[in-house]
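Me: I would like to go through this structure with you. Could we begin with the aromatic rings?
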Amino acid sequence: MTETPDDLDVAEAVVSTRRRPSIVWLIPLVAAIVGAFVAWRTFSERGPQVEITFESAEGLEAGKTAIKYKDVEVGLVEEIHLADDLSAVRCKARMVKSFAPYLNEGTRFWVVRARVAGGQVTGLGTIFSGSYIGVDPIRDGARVREFVGLETPPVVTTDQPGKHFELHSHRAGSVDVGTPVYFKKIQVGEVVASELDASGEFVRIRVFVHAPHDARVSPGTRFWNASGVHVSVGARGVEVGLESIASLLIGGIAFDTPAMDGGAPAADGALFTLYESEAATRREVYMQKAHYVAYFDQSVRGLVPGAPVEFRGIQIGEVRDVKLEFRPETGEFLIPVLIEIEPERIRNLGMVDPATRRDGLDQLVKRGLRAQLQSGNLLTGQLVVQLDFHQGAKPAQIVWGEPYPELPTVPAPLEEITGSVQRLVKRLETLPLKEVVTSMNEALQAARDALAQGQRTLATASALVGPDSPANSELRRALVEMSDAARSVGLAADQIQQQPDSLLFGKEGEQ
Amino acid sequence: VTTALAADCARCHDCGLLCRLPSHSAHSGRCPRCGAEVHERKPRSLERTWAWLIAAALCYLPANLLPIMKVTSLGRAQADTIMSGVVYLLLHGMWPLAGVVFVASVFVPLLKLAILFGLLVSVHRGSPWRPVDRTRLYRITEAIGRWSMVDIFVVTILVALVHLGNLATVEAQTGAVFFGAVVVLTMLAAESFDPRLIWDRSEARTP
């Protein structure tokens with residue numbers, strides 16, 4: 001029982017040499033997981049790379065210049081290189097991932113530097129911190145990764161509340177991007193863009209009015225150019241008016257709504273006319289013009305370009321051109337008259353938009369709308385084109401041809417008068433003129449007889465009052481006596497003048 | 001030469017008492033004098049060193065790729081990695097400083113990783129190659145380990161000192177954490193490596 005196990009010949013248990021791995025292996029495992037996580041995060045946070053083209057890289061530095069939105073860094077310029085043709089500078093920038101949905105077609109980039117424009121000093125902070133790239137993100141639109149940077153910062157970024165309006169003007173004047181927009185002499189907006197229309201006829205000016213002032217703009221609002229000084233001399237002396245000193249230097253646009261024309265706030269992008277001055281807002285200027293041609297087949301003597309086109313006596317347009325046209329196929333001469341109608345002259349017409357104008361006009365022609373030549377001035381013989389409803393007119397349709405739609409016409413009232421005169425003459429011709437003439441001859445003979453009778457009567461009368469007639473000598477005597485009487489009356493009058501009392505007391509010499 | 005290992009003896013790490021280990025199969029016991037754990041060789045030395053070394057190597061990449069410091073000056077922020085800082089110093093003519101930063105922050109950690117890797121591989125292969133030199137390399141590694149923390153010190157001092165509001169602010173970035181981890185992990189790796197293993201194999205072959 002005291003034998004040690006060593007002395008016994010027993011089998012030896014197998015000792016397992018396999019050991020569990022040390023707990024220290026957790027450390028590299030954790031390091032690997034953390035490293036992998038950091039790597040994944042770094043790569044997953046890598047946003048898209050964009051390329052922005054600028055005219056110059058002034059103030060930009062690769063690896064340092066940031067792209068900021070609302071002063072939050074949303075990207076970094078990684079590379080700056082010249083374009084192949086050396087005309088521009090291309091900046092490759094890495095944006096943060098969360099900004100990727102905002103890099104669309106309308107997104108704008110510009111370099112923020114210190115600058116003085118539009119009467120304002122902006123970007124002073126960049127003098128010390130260096131320039132950065134500003135961005136105006138747009139959520140909707142096609143995905144774009146290449147952008148053309150703006151050379152000047154946009155006046156209005158999309159995050160600002162307010163509305164854009166479009167003004168049409170015959171000339172830009174001193175209006176430029178950044179020009180202030182005033183309402184009751186308070187700046188409420190700016191000019192965003194100013195460009196010539198594709199037609200070359202007018203200037204399109206886009207203005208932005210900040211909220212809440214944008215509600216002050218209604219469809220009846222008038223915009224006018226408030227640049228410069230207006231001086232007016234009136235009964236009360238000289239009046240000088242200007243919107244602000246700043247507007248004197250950099251121009252300005254003001255707006256107001258006449259009390260009568262107020263209404264609901266205008267929609268975003270609504271179209272307005274820019275008047276030359278505040279006074280001009282009271283005169284109407286029409287931007288919308290619709291051209292029509294009307295064919296007349298009678299004389300248009302007196303119809304000149306510039307003649308008014310009227311509807312029931314109210315001018316709605318003017319004649320632009322009068323031509324003569326020969327139609328070989330029918331052999332007739334036609335006179336096309338080109339007229340220009342300004343639909344805005346008619347309130348609530350609803351045809352300002354060319355698309356709806358067509359249907360509306362078709363409807364009006366169906367109801368009898370016709371063009372007609374009418375005498376505008378009887379003395380000078382000037383003609384006007386009159387539009388009105390003619391109930392009895394032959395059915396006609398507007399011909400939507402090129403280049404101008406054709407309005408149906410009815411003959412002029414002048415022509416109608418001529419026609420009825422002709423009818424009158426014809427009727428006169430049918431009258432029994434010969435009999436009338438013979439009876440008139442007879443009447444004349446009778447009259448001649450009556451005349452001879454009269455002559456005889458006159459001769460008798462002259463014999464009665466002739467120079468040797470007794471009546472005559474009687475008359476002469478009577479006259480002599482009358483003159484004697486007159487003389488004695490004269491003497492008596494003298495007497496009374498010298499001695500008025502002689503009337504009572506008799507002549508002095510006699511007493 | 002008789003080694004303690006051959007005589008089934010081990011020296012206590014704490015009090016230095018040489019004591020006999022009870023049986024041949026037992027690798028560890030307690031020191032009869034101070035009660036500290038006594039083992040012939042550091043237990044699982046190679047395995048642990050490998051683990052620390054791999055962890056350090058894994059951290060070395062992000063430490064060098066990620067920015068360690070962000071300087072915001074007048075609203076303009078700039079994040080720098082170690083290498084971009086070295087390049088910045090070089091470009092501004094401060095090449096001695098650039099040299100110090102490069103040696104302390106890039107070269108030395110890499111050197112330590114390489115030395116430890118070399119030692120581990122040589123021990124695994126039981127290489128008899130220059131055991132004295134290899135031991136010296138190990139000593140160097142252990143000695144310079146703490147000096148690699150220079151970068152971290154600079155960052156911590158700057159972060160604490162430069163708080164000038166809008167004028168200038170310094171912030172530490174993720175890279176600094178990884179860099180600190182590399183230094184600590186390499187020190188742990190050096191610590192867990194038992195240099196006696198270099199000699200065990202060479203002694204075993206020479207007799």
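Me: How many aromatic pairs are there over all chains?
Reply: The count comes to twelve aromatic pairs over all chains. Rings of Phe, Tyr and Trp (its six-membered ring) pair if their centres lie within 6.5 Å; planes under 30 degrees apart count as stacked, over 60 as edge-to-face and the rest as tilted. One of them joins W50(B) and F117(B), edge-to-face, at 5.7 Å centre to centre with 80° between the planes.

Me: Where do W50(B) and F117(B) lie?
Reply: W50(B) is in helix 1 (residues 45-65) of chain B and F117(B) is in helix 3 (residues 95-125) of chain B, so the pair ties together parts 67 residues apart in sequence. Helices (H or I, at least four residues) and strands (E, at least two) are DSSP runs, numbered from the N terminus.

Me: Before we continue, what kind of model is this?
Reply: This is a predicted model, in which local features need pLDDT of at least 70 and side-chain atom pairs count only at pLDDT 80 or more, while totals for chains, interfaces and linings use all residues. Residues are numbered from 1 along each chain as its sequence is written, chains are lettered from A and ligands numbered from 1 in the order in which they are written, and side-chain values use heavy atoms, with hydrogens and water left out.

Me: Back to F117(B): what is its relative accessible area?
Reply: F117(B) has a relative accessible area of 45% and is partly exposed. Buried means under 20% relative accessible area, exposed over 50%, and partly exposed in between (1.4 Å probe, protein chains only).

Me: And how are the rings of Y138(B) and F193(B) arranged?
Reply: Their centres are 5.5 Å apart and their planes at 50°, so the pair of Y138(B) and F193(B) is tilted. Y138(B) belongs to helix 4 (residues 131-144) of chain B, and F193(B) to the loop between helix 6 (174-192) and helix 7 (196-205) of chain B.

Me: Is Y138(B) buried or exposed?
Reply: Y138(B) is buried, at 4% relative accessibility. F193(B) is buried too, at 0%.

Me: Turning to chain A, which residues form one aromatic cluster?
Reply: The cluster is formed by F165(A), F183(A), F223(A), F255(A) and F272(A).

Me: What lies over the face of Y132(A)?
Reply: K68(A) does, at 4.8 Å from the ring centre. R367(A) lies over the face of F389(A), at 4.9 Å from the ring centre. The rule requires NZ of Lys or CZ of Arg within 6 Å of the ring centre and within 35 degrees of the ring normal.

Me: How many helices and strands does chain A have?
Reply: Chain A has eight helices and 26 strands. Of its 511 residues, 32% are buried.
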